[in-house]
Amino acid sequence: MEPIRPLKTEADYEAARAEIEGYFENEPEIGSEAADRFDLLALVIEAYEQKHWPIEAVDAPDALRERMEAKGLTQKDLAEVLGSKSRASEVLNRRRHLTLEQAWKLHREWQIPADVLIHPYALKSNRATP
């Protein structure tokens, strides 16, 4: 059995994935050498995927849009939670951040993870484009 090493090529990645798939069908006993190998394979696969196909975190406006679409909610529904139509528009258009109180209310009422709602993101400039 070959030692596990960092994955440098697509072929390395595919070989590691093929090997780890066998563990899903025949789960190794916890604490065994096979379980340790599974854990190490999972780590190098994850590292390769994060390097080559990073997943960007969702910010508050994107999370709100996703929730609205998934639940059939409208900007009017968001305005009811945030207090005004203009505030809902400003948040969705990245012109203003949510307040902590608004984030907490959305977390409770719309079940959006609080860390997503309070995570910093860039705002668009309020200046008119020439």
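Is R94 buried or exposed? I looked it up: R94 is buried, at 18% relative accessible area. My cut-offs are under 20% for buried, over 50% for exposed and partly exposed in between, with a 1.4 Å probe and protein chains only.

I note the ground rules here. This is a predicted model, where local features need pLDDT of at least 70, side-chain atom pairs count only at pLDDT 80 or more, and totals for chains, interfaces and linings use all residues. Residues are numbered from 1 along each chain as its sequence is written, and side-chain values use heavy atoms, with hydrogens and water left out.

**Backbone.** Most residues other than glycine have a negative phi. R94 is not a glycine, yet its phi is positive, about 60°. I find R94 in the loop between α5 (85–92) and α6 (100–110). Helices are DSSP runs of H or I, at least four residues, numbered from the N terminus.

Q111 also went on my list: its phi is positive at about 55°, and it is not a glycine. Q111 sits in the loop between α6 and α7 (114–118). Q111 is exposed, at 52% relative accessibility.

**Packing.** I then looked up nonpolar cores (buried Ala, Val, Leu, Ile, Met, Phe, Trp, Tyr and Cys residues joined through side-chain atoms within 4.5 Å). The largest has 19 residues, and L64, L78 and W110 are among those with the most contacts inside it. Two or more residues each come from α3 (60–71), α4 (75–82), α5, α6 and α7. Another core, of nine residues, lies apart from that one and includes L7, I20, I45 and Y48.
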